[in-house]
Each structure stands twice: as C-alpha cells, then as structure tokens.
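Let's take a walk through a protein together and look at the place where a small molecule sits. Keep the sequence and the 3D view open as you read.

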Amino acid sequence: MDCLFCKIIDGEIPSTKVYEDEYVYAFKDIAPIAPMHILIIPKAHIASANDINAENSSLVAKVFEAAGKIAKEQGCESYRIINNCGDDAGQTVKHLHFHLLGGVKMGWGPESLGRTE
Ligand code: AMP
Ligand code: ZN
C-alpha cells in the first residue's frame with residue numbers, strides 16, 4: 001500500500017523509533033512543534049479517525065496505553081494528544097496517528113487551534 005506510515009512501520013522509510021509493541025509503533029515527528037513531539041500509530045492501516053469501528057477500536061486503546069508510557073520515558077508527566085481528522089483539521093497523512101506533545105507549557109483556547117481563517 002502506498003502509505004508513508006505503513007512504509008515507516010515496515011522500515012522502508014527511516015524513522016526515529018521511540019516505542020513499538022505488537023499493535024503500535026511510535027516515532028519522532030520529523031518537524032516537531034514541541035520539545036516532545038511523537039507520532040503514535042496503530043500498525044494496522046486505518047485511514048483516519050472516521051475509519052475507527054467496532055473491529056479495530058481496541059487499537060486506539062493500545063495507542064493510549066502506549067502514550068502514557070512513552071511520555072513518562074521522555075520525562076513528560078504532562079502532555080497533550082491530538083488527532084487531526086480530515087483536510088480542514090490538517091490531516092496530511094492518511095494513516096491514523098496521534099500527536100503526543102509535551103515538554104512545554106501549552107495554552108488552551110481558540111488561538112491554540114492554529115486557525116488559518
Ligand atoms: P498530520 O498533519 O496530523 O497528518 O500529521 C502528519 C505529521 O507527520 C506531521 O506533523 C509531519 O511533520 C509528520 N511527518 C511527515 N513525514 C514524516 C516522516 N517521514 N517522519 C516523521 N514524521 C513525519
Ligand atoms: Zn498506512
């Protein structure tokens with residue numbers, strides 16, 4: 001399948017891996033927007049949050065199980081998890097991924113959306 005993140009999981013495209021188990025792969029974002037910026041992905045190809053269903057939703061739980069462990073390992077007790085679903089939300093890679101962000105004090109409000117209009 002012509003999917004960037006499937007290729008990363010397969011090792012066809014290099015990545016800086018920070019965590020891997022049977023279900024989940026996690027690696028550093030190539031263009032970090034926070035001191036900790038890690039992408040956590042299910043190994044199974046799921047195109048977006050819109051494609052989560054009764055058969056595959058347990059993989060999302062695996063992602064969140066991994067997130068806490070990874071953040072702790074990275075020294076971040078406080079963190080934010082973001083999923084962009086669809087073009088307007090800024091999803092550029094069509095393989096479900098969760099941004100794990102931390103290492104900085106983050107704001108919360110309309111400006112934190114990075115609105116473009
Ligand atoms: P999104 O915009 O939510 O689809 O997130 C895609 C993320 O993938 C962006 O933050 C990119 O910086 C990141 N990204 C794209 N290509 C790579 C790559 N080869 N290795 C690591 N991160 C990548
Ligand atoms: Zn994929």
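Three residues of the shell around ligand 1 come from α1, and that is the largest share. Bear in mind that what you are looking at is a predicted model. To find this helix, look for residues 4-10; along with β2, at residues 24-28, α1 supplies at least two residues of the shell.

Now turn to the shell itself. There are 16 residues around ligand 1, and those that come nearest are Asp29, Asn84, Gly90, Thr92 and His99. Sorted by class, the shell has eight nonpolar residues, six polar ones and two charged ones.

Which atoms face each other here? Start with Asp29: an N or O atom in its side chain is 2.5 Å from an oxygen atom of ligand 1. Asn84 also uses its side chain, with a polar atom 2.8 Å from an oxygen atom of the ligand. On its own, ligand 1 has 500 Å² of accessible area, and the protein covers 82% of that.

Next, zoom out to the space that holds the ligand. Rolling a probe the size of a water molecule over the atoms is a way to see where empty space is left. The space taken by ligand 1 turns out to be the largest pocket, with a volume of about 870 Å³. Its lining is made up of 34 residues, and closest to the centre are His37, Asn84, Gly90, His97 and His99.

Which helix gives the largest share of this lining? That is α1, with three residues. At least two residues each come from α1, β2, β3 (36-42), β4 (79-82) and β5 (98-102). By class, the lining divides into 16 nonpolar, 13 polar and five charged residues.

Definitions and conventions: Residues numbered from 1 in each chain as written. Chains lettered and ligands numbered in written order. Predicted model: local features only at pLDDT ≥ 70, side-chain atom pairs only at ≥ 80, totals over all residues. Heavy atoms only, no water. Near = heavy atom within 4 Å. Polar contact = N/O pair within 3.5 Å; in protein donor to acceptor, adjacent residues only side chain to side chain. Areas by Shrake-Rupley, 256 points an atom, 1.4 Å probe, with all protein chains shown as cover. 1 Å grid on protein atoms, 1.4 Å probe; cavity = no way out; pocket = protein on both sides within 12 Å on 5 of 7 lines; lining within 4 Å. Sits in = over half its atoms within 2 Å of the grid points. Helix = DSSP H or I, 4+ residues; strand = E, 2+ residues; numbered from the N terminus. Nonpolar A, V, L, I, M, F, W, Y, C, P; charged D, E, K, R; others polar. Points joined across faces, edges and corners; volume = space filled by probe spheres on them.
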